[in-house]
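Please read this note with the model open beside you. The points are numbered so that each can be checked separately.

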Amino acid sequence: MTDSEIAFAKINLALHVRRRREDGYHELETIFAFARHGDLVSIAEGPPRLTIDGPFADILRGEDPEDNLVMRAARGLYRLAGAGTPPAIHLDKRLPVAAGIGGGSADAAAVLRLLCRRLGLSIEAPEVLALAAELGADVPACLLSRNVRGDARGDVLRPVDGSGLSDTPLLLVNPGVPLSTGPVFKAWDGADRGPLASGNPLEAALAGRNDLEPPALQLCPVIGEVIERLAAQPGCTLTRMSGSGATCFALFENTDQRDAASEAAFAENPSWWRLASSLR
């Protein structure tokens, strides 16, 4: 039994926003995929608490650690299991914050996977999935961390055949500008541009779009530069903004092309964060 778990970076290969719901959320259709890299959560020594380090830790240190989604997930699971007090958790924050690639949702999901192993629970147990949905719309998909289609708030999940996506070279690039989800959704124009296709997830993604790109571009125009630069790289098969941004992704035919694209983006824009990975 391992005492650590990767919080895999979440990718929205396509994200269609169909309408605003009366409960304040939006009706979504999306295809989730996940990188092989992400933050790292682990069991720590001491009483129940959250400690944080890593390249992006400073952004989170000003927040109340007890209100962090990671500790809420740990406490909720232990209450669910009637298991007493959860252990201390350490978060190695390697991914940008407010970046459209899972963030706190992926971290909370990783804690649920880690503690489910310790407690002998299945992550696909209905009560565990229900807890994940209570924590956030993306948490159920991040809990599974495999290719799924998400509907409703993105939390009604259906399996898709991701065999053709596994090991696809992936490059993530963030221009270093945090972009909160709320303002992006608020800036969405409310137009329903049609459903996301079913069937092969890559074909559906290629035929689809991210409806949050236009409002995100209004708030953070540099996203357009990132997408344009990635799309121009040799071997790029799909590039798009993930989630509500500002991180963008590109899929490549092979790892050499991905690595060359990463070096090209970094050489011209050394302040941009990037991660060379592959899809799970």
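The points below cover salt bridges and then one glutamine.

1. Basis. This is a predicted model, in which local features need pLDDT of at least 70 and side-chain atom pairs count only at pLDDT 80 or more, while totals for chains, interfaces and linings use all residues. Residues are numbered from 1 along each chain as its sequence is written, and side-chain values use heavy atoms, with hydrogens and water left out.

2. Salt bridges in total. The structure holds 24 salt bridges. The term stands for a side-chain nitrogen of Lys or Arg within 4 Å of a carboxyl oxygen of Asp or Glu.

3. Arginine 18 and aspartate 192. These two side chains form a salt bridge, with 2.7 Å from N to O. Arginine 18 belongs to strand S1 (residues 4-20), and aspartate 192 to the loop between helix H6 (181-187) and helix H7 (201-207); the two are 174 residues apart. Helices (H or I, at least four residues) and strands (E, at least two) are DSSP runs, numbered from the N terminus. Aspartate 192 counts as partly exposed because its relative accessibility is 42%. On this scale, buried means under 20% relative accessible area, exposed over 50%, and partly exposed in between (1.4 Å probe, protein chains only).

4. The network. Arg18 and Asp192 also belong to a network of salt bridges, which links them with Glu29, Arg149, Asp151 and Arg158.

5. Arginine 36 and aspartate 167. The closest N and O atoms of this salt bridge are 2.7 Å apart. Arginine 36 is in strand S2 (residues 26-44) and aspartate 167 is in the loop between strand S6 (156-159) and strand S7 (169-174), so the bridge ties together parts that are 131 residues apart in sequence. Arginine 36 is partly exposed at 34% relative accessibility, and aspartate 167 is partly exposed at 49%.

6. Arginine 193 and aspartate 189. Here a salt bridge brings the closest N and O atoms to 2.5 Å. Arginine 193 has a relative accessible area of 44% and is therefore partly exposed; aspartate 189, with 51%, is exposed.

7. Glutamine 233. Is this residue, glutamine 233, buried or exposed? With a relative accessible area of 16%, glutamine 233 is buried. Its place is the loop between helix H9 (222-231) and strand S8 (236-241). Apart from neighbours within four places in sequence, glutamine 233 contacts Phe252, Ala261 and Ala264, where contact means heavy atoms within 4.5 Å. The side chain of glutamine 233 also reaches the backbone oxygen of arginine 229 at 3.0 Å.

Terms used: Polar contact = N/O pair within 3.5 Å; in protein donor to acceptor, adjacent residues only side chain to side chain.
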